[in-house]
Amino acid sequence: MCTGTETISLEASAEASGGTPFHGFLLAAPKSGEGKTTVAVALMRALKNRGLKVQAFKCGPDYIDPGFHTAATGQPSCNLDTWMMGKNGVRKLWASLCHEADCGIAEGAMGLFDSIKPGDAAGSAADCARALHLPVILVFNARGMAWSVAALADGFKRKAEAMGLRIAGFIANNAGSARHKQILAQALEKEGLPPLLGALPRNKAFALPERQLGLVPQEEACLSEEWLNALAKSAEDNIDIDRLLSLTQGLRPKAKPEATTAAPGLRRMGIAKDKAFCFYYRENEAVLRQQGWELVPFSPLKDKALPKNLNAIYLGGGYPEVFAEELSENTAMRAAIRDFAKKGGEIYAECGGYMYLCTSLEVPQTSPDGSLVCKSWPMCDVISATARMGQRLRSLGYREASFLASPPFGLGIEVMRGHEFHWSDIELHKDYPPLYTASSASSTAKQCGVAFGNVRAGYVHLYFQSLADAAGNDQDDFNDISARVPLRQESKARKGQVILLNGPSSAGKTTLGKAMQQKLLEQYGIHSLLLSVDHLLMATDCTESTVLSCLDETGLPVIETFHAAIQAAARAGAFVIADHVLGENTAWINDLYSRLEGIKMLPVQVACDNEELQRREYARSDRRSDWPHALRQAEEIHVHLPGEIVVNTTKTKPADCACIVLDALSLPL
């Protein structure tokens, strides 16, 4: 079985590529509740305390965890979601925020592979990692687990490799003792699995508070600096952070310059920001600013009047039911919002904001005798309706909204994507026109929300860009091949690109390369060059079959010659598939990266389990078999390269492996 150990530092490689060291990874878990947010906050603060600039992200539509990230790093955290934003939207946001950071950390949501629906990876943490070519660190709850961790790890590793992902290591949470940590580490090591990078011990002081929609937001939890630093110290004491960084080093993202347009005359928008209303996508606010809006925060809980000279109000989601009494008692603010609506002011409200605009909000409470009663609190009465908090989840999932009325704030986008998550429902007392039709992955579209006058309100938390705006044609920025014309017709008009197949002898690199050539030609009309270092060796008078032996015997610059061929072809516009074992020598890595500076390159680790690798090696007919040489390459010399994906050829057909690689380029197969 191929191992996940690192042997050579890529520091020089990163510098040769024109950037200082950058580290990026996805922190995920088998399922919700494993403690990944605690581990994420611990690592983020520990790295910040080391003097690194950390940029945090949350995969999926979660609003709460980014608040904890922001507290830990001192930098605003953003959402990444391939379903709402498209893959290019994810890449664009990652690059724009990480190009000046030292470390980019994306925290997954739910389990690593949980997505919009079975068979469709969109919306999953794994899809974000694949779009960004990030290694994965898997966090798991170790309570009550010992040798069984190997089965868990092996299953996730194999599933990850089937998507072209690399799991770089594991972090245990809730470890019982130093001996428990040792057992977990040994279980992974004996099975040749990626390493245990650390184990946070059980500590109730580090538990984050929860309620019905997940964790209690940072706006209420108010994590202190002392708490954050204590958590960071626990990470330093119990996680091998240096090894984690060495396993996740990559190339610094390059942000593309944004096209600037003249903003319209500045308009003022009041945006509710307090403990009751705290659910906003950071990118929505960026979009509004780009549209010429000045965002003016105000608190429906504390302020007695709206900010002056407002043209619009934005009421986001949150927890109005938790603060219903305070919201209701602030009669001045309720009257101000009602008056603003009557005078034709524009209001857009989502979920909690929608509830706040209703006539009343009913919240279940426990009476002194233990029975459950509903307390009704007057709200803004902008919408004639009753909002009721329930005892169970009413709606959860992604939504695609097609507007029936004009979109809010003049955005001019007819279809937006978003997410819905609430325990309440709303009984309308008037027949209001609907705002949009909303559809999910498992249901037909239905009319939702309300739209009358200048008031817009609905349950869906919308992402304020259309998928086309966010993702373009969703072609990977890695390449230019969306035109789908043969290479011979366009080789002089575009830069080439390189797919580097890097892995042990007999892992199937040449077979995979041929399968990729066929896919590229049949489905895209793209001619590609398959260059193999083995073919170059055959052209020499060397009697040995390995690169190192040939170098010793002939003294020829075989590696430099091979790299020069790749460089010349790529710079001439060719799509090059290179079959190479690059990890034999650090200098080889630096030589290839320096030659390909400015050329797009996707490294692919071609892996194979040892039993199958041995069978293939002994079955070779093109040269004499050398099993010790193949085994050494598989277990000792592989270096994880920046932006690498993994393809395991043990049981997967070459054509399917080719699809995994091409999917990393976002080619619609």
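These are my notebook entries on what I looked up in this predicted model.

**Ground rules**

I am working from a predicted model, with residues numbered from 1 along each chain as its sequence is written, with local features needing pLDDT of at least 70 and side-chain atom pairs counting only at pLDDT 80 or more.

**Entry: cysteines**

I searched the whole structure for disulfides (a pair of cysteine sulfur atoms within 2.5 Å) and found 0. I then looked at C358, which is in no disulfide; its nearest cysteine sulfur is that of C380, 9.4 Å away.

I also looked up accessibility. I use buried for under 20% relative accessible area, exposed for over 50%, and partly exposed for in between, with a 1.4 Å probe and protein chains only. C358 counts as buried because its relative accessibility is 0%. C374 counts as exposed because its relative accessibility is 52%.

**Entry: salt bridges**

I counted salt bridges next, each being a side-chain nitrogen of Lys or Arg within 4 Å of a carboxyl oxygen of Asp or Glu. The search of the whole structure gave 25.

The K58 and E107 side chains meet in a salt bridge at 3.2 Å, N to O. K58 is in strand β2 (residues 54-59) and E107 in strand β4 (residues 103-107), so this pair ties together parts 49 residues apart in sequence. Are K58 and E107 buried or exposed? K58 is buried, at a relative accessible area of 2%, and E107 is buried at 0%.

R268 and E294 also meet through their side chains in a salt bridge, at 3.5 Å, N to O. This pair links distant parts of the chain, with R268 in strand β11 (residues 267-272) and E294 in strand β13 (residues 293-298), 26 residues apart. R268 counts as partly exposed at 23% relative accessibility. E294 is partly exposed too, with a relative accessible area of 31%.

E420 lies in strand β21 (residues 415-422) and R399 in strand β20, so the bridge ties together parts 21 residues apart in sequence. I noted E420 as buried at 10% relative accessibility and R399 as buried at 11%.

Which residues form a network? R50, E236 and D242 are linked by salt bridges in one.

**Entry: F403**

I stayed with strand β20 (residues 395-403), where F403 is placed. F403 counts as buried, with 13% relative accessibility. I checked its contacts (heavy atoms within 4.5 Å), leaving aside neighbours within four places in sequence. F403 is in contact with P408, I413, E414, M416, L435, Y436 and L462. I also took the C-alpha to C-alpha distance from F403 to P434: 8.8 Å in space, for residues 31 apart in sequence.

**Entry: helices α5 and α6**

Two packed helices are described by the angle between their axes and the distance between the axes. Helix α5 (residues 87-98) and helix α6 (residues 125-132) pack at about 65°, with axes 9 Å apart. Axes are lines fitted to C-alpha atoms, for helices over the stretch in contact, and angles run from 0 to 180 degrees between N-to-C directions. That makes α5 roughly perpendicular to α6, a label for 65 to 115 degrees.

Where do the two helices meet? K87, V90, R91 and W94 in α5 meet D127, R130, A131 and L132 in α6.

**Entry: L184**

I found L184 in helix α8 (residues 178-190). L184 is buried, at a relative accessible area of 0%. Not counting residues up to four places away in sequence, L184 touches F140, A142, M145, A146, V149, A172 and L196. The C-alpha atoms of L184 and I171 are 9.9 Å apart, and these residues are 13 apart along the chain.

**Entry: helix α3**

How many residues of helix α3 (residues 65-73) are buried? I noted 8 of its 9, so the helix is mostly covered. The buried ones are D65, P66, G67, F68, H69, A71, A72 and T73. Just after α3, I noted that G74 takes a positive phi of about 80°.

Notes. Side-chain values use heavy atoms; hydrogens and water are left out. Helices (H or I, at least four residues) and strands (E, at least two) are DSSP runs, numbered from the N terminus. Angles under 35 degrees count as roughly parallel, over 145 as roughly antiparallel, 65 to 115 as roughly perpendicular and the rest as oblique.
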